[in-house]
Amino acid sequence: MAFLSQLGLHECLQTLSVLQWLPVYVFLGAIPIILIPYFLMFTKFWILSVLALTWLAYDWNTHSQGGRRSAWVRNWTLWKYFQNYFPIKLVKTHDISPEHNYIIANHPHGIVSYGVFINFATEATGFSRIFPGITPSVGTLEGIFWIPIVREYVMSMGVCPVSELALKYLLTQKGSGNAVVIVVGGAAEALLCQPGASTIYLKERKGFVKLALKTGAYLVPSYSFGENEVHNQETFPEGTWIRFFQKTFQDTFKKILGLNFCTFHGRGFTRESWGFLPFNLPITTVVGEPLPIPRIKKPNKKTVDKYHALYISALRKLFDQHKVQYGFPEAQELTII
């Protein structure tokens, strides 16, 4: 741990707060995945496995019915160190009334979506203070909620499956003042992540608009400036053996786990070293003006396309209004594919 001597106390804590993130998920996930079958088949502690699986079966629908959030977990001091590592900032451009429900669509995905995690799944940037009366829920892959322990951890932060069932429940069965946060480009958009890039998947992504119409939830555009800057991604030249290996691995990973594997790097334990930690560069999530959406039980394609176009227009306006302030040149355009 000699690297710690090169860092100040606060920088050391910030680095460790980011460093713990992935190992904690892997460790928490590995414990039940490995130990439950092991205890069940090879030890006298099989009853522990039975109890864990019984609880999972009993509690199976909770993550799709509002979850089990904890204000204590969302306010951990750990998240403040995580936020200050970059730093990450949340910017409000318009008030969001607690009299309605909302779908906050975020772009771009980046490699990890640090901005979405810190701004909406924790209170590190003061979401509840900035948007009083609004309860945010961040959508992610449903498979995470099939893993004991991990599901409890992510539910405590207000994370939910990005499934129609879970999102519709939050937007129709929990009263008003709810906001579901969706990274519309999904994991596929991670492959577009490059420093200086502003390319997003949105042209054919219309499911969130259809959901807004079915529930009457207002659409809110948001953009995380700097999300693409905190890692460098390597895409090897076409026709080379290493590109063939990279693409084969990515395709296989996608089929098995539904995730896109990115070949990326950043800084190491110290600022000038090479590693996989993100660079200490600012990420600013700007939340735009809510777009009122009518509630239509069965919206047709024409209606979905209409509001999808209005959303794209609102997102472009948000991007153009703030791009220079947060690091893009005036000539930079938002590319939608």
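Me: Which residues gather in a patch of positive charge on the surface?

Reply: In this predicted model, the patch consists of Lys168, Arg295, Lys297 and Lys298. Lys and Arg are the residue types that count as positive.

Me: Why is lysine 298 called exposed?

Reply: The term exposed requires over 50% relative accessible area. Lysine 298 has 73% relative accessibility, and therefore counts as exposed. Its place is in the loop between strand 11 (283-287) and helix 12 (301-322).

Me: Which parts does the pair of aspartate 59 and arginine 151 tie together?

Reply: Aspartate 59 lies in the loop between helix 3 (46-58) and helix 4 (71-74), and arginine 151 lies in helix 8 (residues 150-156), so the pair ties together parts that are 92 residues apart in sequence. Both aspartate 59 and arginine 151 are buried.

Me: How do you know that lysine 214 and glutamate 164 form a salt bridge?

Reply: The closest N and O atoms of lysine 214 and glutamate 164 are 3.2 Å apart, and the limit is 4 Å. The pair therefore counts as a salt bridge. Lysine 214 belongs to helix 10 (residues 207-215) and glutamate 164 to helix 9 (residues 164-172), so the contact ties together parts that are 50 residues apart in sequence.

Me: Are glutamate 238 and arginine 243 buried or exposed, and what makes them so?

Reply: Glutamate 238 has 60% relative accessibility and so counts as exposed, the requirement being over 50%. Arginine 243 has 12% and so counts as buried, the requirement being under 20%. The side chains of glutamate 238 and arginine 243 meet in a salt bridge at 3.0 Å, N to O.

Me: What makes Asp59, Arg68, Arg151 and Glu152 one network?

Reply: These residues, Asp59, Arg68, Arg151 and Glu152, are joined by salt bridges that share partners.

Me: How do you know that strand 3 and strand 5 pair?

Reply: Pairing requires at least two bridges between the strands. Strand 3 (residues 135-140) and strand 5 (residues 178-183) have 4 bridges in the parallel sense, and therefore count as paired. Proline 136 stands opposite alanine 179 in strand 5.

Me: How many bridges join strand 3 to strand 4?

Reply: There are 3 bridges between strand 3 and strand 4 (residues 159-161), and these strands run parallel. The bridge partner of threonine 140 in strand 4 is proline 161.

Me: Why are strand 8 and strand 10 called edge strands?

Reply: The open sheet has 3 strands in the order 8-9-10, with antiparallel pairing. Strand 8 (232-233) and strand 10 (274-275) each pair on one side only. Strand 8 and strand 9 (residues 264-267) pair over 2 bridges, and asparagine 232 stands opposite histidine 265 in strand 9.

Me: Why is phenylalanine 225 called buried?

Reply: Phenylalanine 225 has a relative accessible area of 1% and is therefore buried, the limit being under 20%. The residue is found in strand 7 (residues 218-225). Phenylalanine 225 and lysine 89 are 136 residues apart in sequence and 9.8 Å apart in space, C-alpha to C-alpha.

Me: Is serine 113 buried or exposed, and what makes it so?

Reply: Serine 113 has a relative accessible area of 9%, so the residue is buried. Serine 113 has a positive phi of about 65° although it is not a glycine, and is found in the loop between strand 2 and helix 6.

How values were computed: Residues are numbered from 1 along each chain as its sequence is written. This is a predicted model: local features need pLDDT of at least 70, side-chain atom pairs count only at pLDDT 80 or more; totals for chains, interfaces and linings use all residues. Side-chain values use heavy atoms; hydrogens and water are left out. Patches are made of residues with over 30% relative accessible area and no salt bridge: like charges are joined within 9 Å, nonpolar side chains (Val, Leu, Ile, Met, Phe, Trp, Tyr) within 5 Å. Accessible areas come from the Shrake-Rupley method with a 1.4 Å probe; for residues, only the protein chains shown count as cover. The place of a charge is taken as NZ of Lys, CZ of Arg, CG of Asp or CD of Glu. Buried means under 20% relative accessible area, exposed over 50%, partly exposed in between (1.4 Å probe, protein chains only).
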